[in-house]
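Hi,

Here's the structure I promised to pass on. Have a look at it first, and then read on for what turned up.

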Amino acid sequence: MSTITWYGHSAFKIACGDASCVIDPFFAPRWGQNPDEVGKPDMVLVTHDHGDHVGDAVSICKKTGAMLGAVVGTATKLRDAGVPEPQILNGIGFNIGGTLTVKGIAVTMTQAFHSSDSSVPVGYILHMPDGLVIYHAGDTGIFSSMELLGRLYGIHVALLPMGGVFTMDAVQAARASRLIGCAAVVPMHWGTFPVLAQNVDGFRKELAGACPGCSCVELTPGQAKEFTLTQNGLRW
């Protein structure tokens, strides 16, 4: 059994047993969350170097000793910002297509289509110790290779941006879900700023039409949801 906790925007904690990973730990004031809630993760992953994704990554790593995962270039930027070099995965970071493992959580870096100052934006596919496969798409537009990622890795749960303007909107995210072929989608990157979609209603409607076999799992900031693989499929 793996647990997914959403802290608002694109910030998540994903845990299985005593192993845990935090992704894009930006804690927007409007969501009422704070970095202390992540506890002591084994790993912090950053999808790209924008402030609303780097967030408290540096301070969490320094405080907890967590390993930092980021693409080459962004990893150097975060080292220069204060992450101790021994805590950076592979010393200099890794790159798209590469896989590294920390405490039984194998992380594969994927492409994303967005912008970044220090390197390129990325997403991550997490292979959890219990067999659950989770895809955090990062900030991205839709791209056809999402279908290939789904076929290659058998993604069960996708964490997809759907707020529009800077990422996919509801229509694109719903069709991305179909490409990926996942059983469940947790929508992210919405509601944090006025320019973004303020709820998931549009996405839920689009998903029902584009991918009726996929469920929208809406979380509120701070809420955790348990996901379990069974003989009959995915349960939550």
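Which exposed residues sit on the face of α6 turned away from its buried side? Keep in mind that this is a predicted model. The answer is D201, K205, A208 and G209.

Now for the other face of that helix. Helix α6 runs over residues 201-210, and its buried residues are F203, L207 and A210. Those three lie on the same side of α6, because they span an arc of only 75° around the axis. As for what lies over the buried residues of α6, the cover includes α5 (170-180), β11 (184-188) and β12 (215-216).

Next, the cysteines. A disulfide is a covalent bond between the sulfur atoms of two cysteines. A pair has to be within 2.5 Å to count as a disulfide. For C216, the closest cysteine sulfur is the one in C214, but at 8.3 Å that is too far for a bond. Both cysteines are tucked away from the surface by the numbers: C214 is buried at 6% relative accessibility, and C216 is buried at 15%.

Last, have a look at T5, which you'll find in strand β1 (residues 2-6). Is T5 buried or exposed? It's buried, with a relative accessible area of 12%. Leaving aside residues up to four places away in sequence, T5 touches A11, F12, K13, G222, Q223 and A224.

Cheers

Terms used:
Residues numbered from 1 in each chain as written. Predicted model: local features only at pLDDT ≥ 70, side-chain atom pairs only at ≥ 80, totals over all residues. Heavy atoms only, no water. Helix = DSSP H or I, 4+ residues; strand = E, 2+ residues; numbered from the N terminus. Buried < 20%, exposed > 50% of the residue type's maximum accessible area, 1.4 Å probe, protein only. Contact = heavy atoms within 4.5 Å. Arc of directions from axis to C-beta.
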